[in-house]
Amino acid sequence: MRNFSINIRGRLKNFNLPKNQPLVPLFEAVVNSIHAIQERKNKGEVFKGRIVIRILREDQISMGDVVDLPPIQSFEIEDNGVGFDEPNFTSFMESDSTYKATLGGKGVGRFSWLIAYEKAEIESCYTDNGVFVKREFEFTPDASGIDDLLSNCDHLEDNRTIVRLLNCMKPYSISLPKRSNTIAMRIIQHCLVYFISDDCPTIDLIDSDESYNLNSIFQDKIHSEENKATIKVGEELFELLHVKAEESTINGNKLYLCANNRLVETKDLDKYITDLDREIFDKAGFWYIGVLTGKYFDDTVDMNRLSFSIPENGYSETVTGVISMEQIMKSVTLNISEFLSDYLAPITENKMKRINSYVTNEAPQFRHLLKYMPDEIARIKPNLTRDKLDDELHRIKRAFDKAVSEENSQLLKDLNDGVISSEQYIDKFGTQIEKINSANSAALAEYIAHRKVIIDLMEFAIRRNEDGHFQKESFLHNLIYPMRTTSTEIPYSNHNLWLIDEKLAYCNYISSDIPFDNDPSQERTDIMILDNPVAVSDEENTGTEYGTIVLFELKRPMRNDYSSSSNPIEQLYGYVSKLKTNRVSDKNGRIIKVGGNTKFYLYAVCDVTSSLEQQLDYHDFTQTPDKMGYYKYNEKMNAYLEVLSYDKIINDAKKRNKILFDKLGI
């Protein structure tokens, strides 16, 4: 028996294998097979290298007519490499062996087998002094040594080594892919550098009655370019191979960081190159893969070949030759962008056309960002949804506002500290004023655009629905002024009384769908506006008589069941009579005082249908010149009453705002 030169349990404890990388043990076994074939060829033997990977599954589970794909339990990897001859077996028994250092071996890959699997079985037949011999043994966590006696291996025409990774354990078994074609692509991606080589062995993957030749998949689906790029970062040289992969399962544009011909880390290029996304596959039919190699990676890869000991960002001047991953990615992505320029240019052009169109026609509040934040705009990803594009523009606008505020503060500080002269301050302040004016114009543009949206919504609200009905009164009510609220609860920007009259926004007290005396059993006006004689007033109800009271009554579009006792005219007059008693209180319990000089402005917001026309004729109303509404002054009540049809409100609002919409281009 030959003993291991290390405590295996202790070595496994220090081996980090993330649970989301369950195929690493298989990759290690496949790469070991490739190395074994290379080593045999290095001895001068001429043969065709081959590797066969077999998937061993649990017993198949049948559910009626549906056969569920059973989980993968084990793998078997067979090759015709040099085999476990004496030098290789001695290396296997020694942890951190340097025997394969020239091939990039770290001497620890086999320990990943025992992290994810119960055990490994090895059976190796090779020639020893012209005679085939066989060495077979189990590799388990508790083994202290291995019986290394050789036996005869008859009836063989070539070397054969089989490594069986048996019984995958949790949590790795849960993360193992189920489909063999997925595993095939993962092996190709991990060993991409080997597949690119003209001397790559034949590699087959067998799963029950399915068989995949990985070399053919690589040739059919993945094409490497003739020219490789040499990239210098600091004093280090890297080689970048451009690969076009037509295989859809790759599902992304990636950069493979490789050390010693093996994939160590994958970078999602969509995060580094703004306009690189799945559109390149949809339109050009390939995913881009960059294969980056270099001595710097070979020297900095960790013992388990799962990461690099490279600082993420920054540059250390005290340590010669230390460059960061940020520096590497910046240089590499610049080269990739140039290589893909023919594909990226139309994507960038279409993206910018869309952003310009959106900002010009739908969101003018962001127009100034095109001038002052072009780099941030250029970093917006293509093909965003409308909502996500709007979110990105809002984010850039916040960054712009913050930067302007900080620049203003710094400018004033520099003046006070004597860093700049008054002449320089005036010059720089002029630039800042231009930015501030642009931002203020953008805020005004946003509000004007909001008005356009509200008018569009009102037009939508008065149309008949597909079910033949019109919108409920509450929809229009909330559009004009939120129901069951008062002016003490919502700001000016949250209501749209400007639809009816601009000056209605500047009133002392507004209640919307609040009953008199705040009593649910009492009548309620849809909207009641109380005002003092001064048109603009911030005073609350102090017990003095109101100079003006404005009342609204809203009705559902195209309502046509009005009678002499049930119509908006009678309702509005009824509210006036009730208020004149000086017994009605507001939401806060304060009496709404009405005097002999209190003026009432009453608005019935509704469509003028035939039943309402009868009531208007009865009350002797006058039709407006545009024939879209009616009006009357009731001298006895000191009340002016106007019937506003929805068409009139929309048309008048459009006319009042037309010049603003025209100037804004909407």
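Predicted model: local features only at pLDDT ≥ 70, side-chain atom pairs only at ≥ 80, totals over all residues.
User: What makes S124 a buried residue?
Analyst: Buried means under 20% relative accessible area. S124 has 0% relative accessibility, so it counts as buried. S124 lies in strand β6, residues 117–128.

User: Which residues does S124 contact, leaving aside its neighbours within four places in sequence?
Analyst: They are G83, F84, V133, K134, R135, R160 and T161.

User: Why is strand β10 called largely enclosed?
Analyst: Strand β10 covers residues 160–168, and seven of its nine residues are buried, so the rest of the structure largely encloses it.

User: How do you know that β10 pairs with β5 and with β6?
Analyst: Two strands pair if at least two bridges are found between them. Between β5 (residues 72–79) and β10 there are five bridges, and between β6 and β10 there are eight. Both counts meet the cut-off, so both are pairs. The β5 and β10 strands run antiparallel, and β6 and β10 are antiparallel too.

User: What is the order of the strands in the open sheet?
Analyst: Eight strands form it, in the order β9-β7-β6-β10-β5-β2-β11-β12, with mixed pairing. Within that order, β2 (residues 50–57) and β5 pair in the antiparallel sense over seven bridges. The bridge partner of I51 in β5 is D79.

User: Why are β9 and β12 said to stand at the edges?
Analyst: Each has a single partner strand, so one side of each is left without a neighbour in the sheet.

User: What makes β11 and β12 a hairpin?
Analyst: Strand β11 (residues 202–207) and strand β12 (residues 210–213) run antiparallel and are joined by four bridges. Two residues lie between them in the hairpin. D207 stands opposite E210 in β12. In the turn, S208 has a positive phi of about 55°.

User: Which residues touch the most other members of the largest nonpolar core?
Analyst: I53 and F75 do, in a core of 67 residues. Helix α2 (residues 24–42) gives the largest share of this core, eight residues. Leaving aside neighbours within four places in sequence, the contacts of F75 include L23, L26, I53, I55, Y117 and I183.

User: Why is helix α6 called largely enclosed?
Analyst: Eight of the eleven residues of α6 (residues 180–190) are buried, so the rest of the structure largely encloses this helix. Among the buried ones are I183, M185, I187 and I188.

User: Is C200 buried or exposed?
Analyst: C200 has a relative accessible area of 9%, so it is buried. C606 is buried as well, because its relative accessibility is 0%.

User: What makes the peptide bond from K170 to P171 cis?
Analyst: Its omega is near 0°. P171 is in the loop between β10 and α5 (172–175). Most peptide bonds are trans.

User: What is the phi of N383, and what is the phi of N582?
Analyst: Phi of N383 is near 60°, and phi of N582 is near 55°. Each value is positive in a residue other than glycine. Most residues other than glycine have a negative phi.

Note on methods
Residues numbered from 1 in each chain as written. Heavy atoms only, no water. Buried < 20%, exposed > 50% of the residue type's maximum accessible area, 1.4 Å probe, protein only. Contact = heavy atoms within 4.5 Å. Core = buried A, V, L, I, M, F, W, Y, C linked by side-chain atoms within 4.5 Å.
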